[in-house]
Amino acid sequence: MEQPTTAPNVPLKNRSLAALLALTWPGLGHVYQGRTAKGALYFLCIFGLYTVGFALGEGANVYWTWVNPLRNPEHFRLYYLGQFWVGLPAWPALIQATLIQQGFQPLFNGFMAAPMLDLAMDNGVREVMQDVVRRVFSLHQKYGGLKEIGDIYTTIAGLLNILAIYDAFEGPAVHQESTSASEVPSTPGGESS
């Protein structure tokens, strides 16, 4: 005989909204659902890991480029496919890449802009981008492999947030224990207890 599974009573509210909030900021979807401790834990772990990685690269290791990976694999930013999922802390890179692609000057002296130059760039854009390239090159000389470790930390933080987004949407995992009649020990008279 199957016994009903007891699921924890967690009000998930609007699950899609919770997932969207978790995508926007690590842990925010869980806070919306009233799962404050879990939200705080996700925030500390995911955002903390992202911040450490970001600091190791002095903010120059999170950026995006609008290039075709098949035509220009050298400038395709694979790390950003993971970093994107951290949410708002990583999304300025998308804005900077879009501005540069459209021929506009990047904001904040190229903060979170891709370190690449293009002959087709406007002179004003080129000046800012030359500073970005110089800054990233000096980071490699200054920190060596630490910048790459920062790339990995920020990417892992984004991938961990995918799990948090799923948890906000689906709710806590339930350990399903089903007991069938064959597993229940029977008494000598043939009746199960």
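**Salt bridges and spaces**

Arg 35, Lys 38 and Asp 167 are joined in a network of salt bridges, a salt bridge being a side-chain nitrogen of Lys or Arg within 4 Å of a carboxyl oxygen of Asp or Glu. This is a predicted model, in which local features need pLDDT of at least 70 and side-chain atom pairs count only at pLDDT 80 or more, while totals for chains, interfaces and linings use all residues. Residues are numbered from 1 along each chain as its sequence is written, and side-chain values use heavy atoms, with hydrogens and water left out.

Me: Which side chain meets Asp 167 in a salt bridge at 2.7 Å, N to O?
Reply: Asp 167 sits in helix α7, and the pair links it to the loop between α2 (28-32) and α3 (36-56), 132 residues away. Helices here are DSSP runs (H or I, at least four residues), as strands are (E, at least two), numbered from the N terminus. The side chain that meets Asp 167 is that of Arg 35.

Me: Is Arg 35 buried or exposed?
Reply: The classes go by relative accessible area: buried is under 20%, exposed is over 50%, and partly exposed lies in between (1.4 Å probe, protein chains only). Asp 167, at 9%, counts as buried. Arg 35 has a relative accessible area of 10%, so this residue is buried.

Me: With which residue does Asp 151 form a salt bridge?
Reply: Both partners lie in helix α7, four residues apart, about one turn of the helix. The closest N and O atoms are 3.6 Å apart, and the partner of Asp 151 is Lys 147.

Me: How far is Lys 147 from Leu 56 in space, C-alpha to C-alpha?
Reply: Lys 147 has a relative accessible area of 3%. Leaving out residues up to four places away in sequence, Lys 147 touches Leu 56, Gly 57, Ala 60, Asn 61, Val 136 and His 140, where contact means heavy atoms within 4.5 Å. Lys 147 and Leu 56 are 91 residues apart in sequence, yet their C-alpha distance is 5.7 Å.

Me: Which residue forms a salt bridge with Arg 134?
Reply: The two partners share helix α6 and are three residues apart, about one turn of the helix. Arg 134 is exposed at 52% relative accessibility. The closest N and O atoms are 2.7 Å apart, and the partner is Asp 131.

Me: Which residues are closest to the centre of the largest pocket?
Reply: On a 1 Å grid over the protein atoms alone, a pocket is an open set of points with protein on both sides within 12 Å along at least five of seven lines, and a cavity is a set where a 1.4 Å probe fits but cannot get out; lining residues have an atom within 4 Å of a point. The largest pocket has a volume of about 280 Å³, a volume being the space filled by probe spheres set on the points, which are joined across faces, edges and corners. Of its 16 lining residues, the closest to the centre are Ile 100, Gln 101, Met 116, Asp 118 and Met 121.

Me: Which helix gives the most to the lining of the largest pocket?
Reply: α5 (92-101) and α6 (123-143) each supply at least two residues of that lining. The helix that gives the most, with three residues, is α5.
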